[in-house]
Amino acid sequence: VNRVDLVARIGVAYAQIGQYDHAIGYLEQIKPETMTLDTRFQLAILYQENHREDDAIRLFNEILDVDAKYTSVYPLLGQAYAQINQFEDAYRTYQAGLAQDETNGQLYRLAGLAAEKLGDLTIAETYYQQGLALDEGDVAILVALTDLFFKQHRFSEVIAQLTTAISDDVVDSQFYWSLARAYQAMGDTEKAAENWANAAPLFQENSAFLQDLIDWYHE
């Protein structure tokens, strides 16, 4: 009707209310040669949500074969590769995405995480720093960078990075947990206690946090 694909509309509607199996059933009825890139993208996301990573990867790549500038694909395609432990393919996907869009902070973070998985911590830090150069208030990148610092026992840099962010009114509950751990590692019990107290009400149902807190109390 007026060039509107009603099957695609119904499929997307089912997806929006979380009925993914119904959504996939409708979208798969559309002939590949008549399926728009947006519909392929939606179907690929649904495949990924249903742990059909191979199907998702196939569709995402088909989209990029037609339009390499469809930049929404790159983060999801890379994550699909990562879900099946193909980290080198994930890393190459994020690099290709950044070649198309150098202003995408999410891709810098994901490229950094992939580089960490591949054991290149120096390159990972470079990606995180490039992402922060675009947006110094990107909380997800700040968390990823300070997690990297923890792995390298660079506790003073964790403190410097996060206290600077907080002073600039960039605040996240994760920051207090990270600061508590960093101050504890540095032997500053007063600052550690202050940040454990700030973090405790925010992570009462997080088992990893509670284990760290128990270790703090023991110490």
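How close do the axes of helix H11 and helix H13 come, and at roughly what angle do they cross? The axes of H11 (residues 173–186) and H13 (residues 207–218) come within 12 Å and cross at roughly 30°. Axes here are lines fitted to C-alpha atoms, for helices over the stretch in contact, with angles from 0 to 180 degrees between N-to-C directions.

The model is predicted: local features need pLDDT of at least 70 and side-chain atom pairs pLDDT 80 or more, while totals for chains, interfaces and linings use all residues. Residues are numbered from 1 along each chain as its sequence is written, and side-chain values use heavy atoms, without hydrogens and water.

Helices are DSSP runs (H or I, at least four residues), numbered from the N terminus. H11 and H13 are therefore roughly parallel to each other (angles under 35 degrees). The table lists the residues in contact (heavy atoms within 4.5 Å).

| Helix | Contact residues |
|---|---|
| H11 (residues 173–186) | Trp177, Arg181, Gln184 |
| H13 (residues 207–218) | Ala208, Phe209, Asp212, Trp216 |

By class, this contact has 4 nonpolar, 1 polar and 2 charged residues; Ala, Val, Leu, Ile, Met, Phe, Trp, Tyr, Cys and Pro count as nonpolar, Asp, Glu, Lys and Arg as charged, and the others, Gly among them, as polar.

In helix H12 (residues 189–199), Ala192, Asn195, Trp196 and Ala199 are buried (under 20% relative accessible area, 1.4 Å probe, protein chains only). Seen down the axis of H12, these residues fall within an arc of 105°, so they line one face of the helix; the arc is that of the directions from the helix axis to the C-beta atoms. The cover over the buried residues of H12 includes H11 and H13.

Definitions and conventions:
Helices (H or I, at least four residues) and strands (E, at least two) are DSSP runs, numbered from the N terminus. Angles under 35 degrees count as roughly parallel, over 145 as roughly antiparallel, 65 to 115 as roughly perpendicular and the rest as oblique. Buried means under 20% relative accessible area, exposed over 50%, partly exposed in between (1.4 Å probe, protein chains only).
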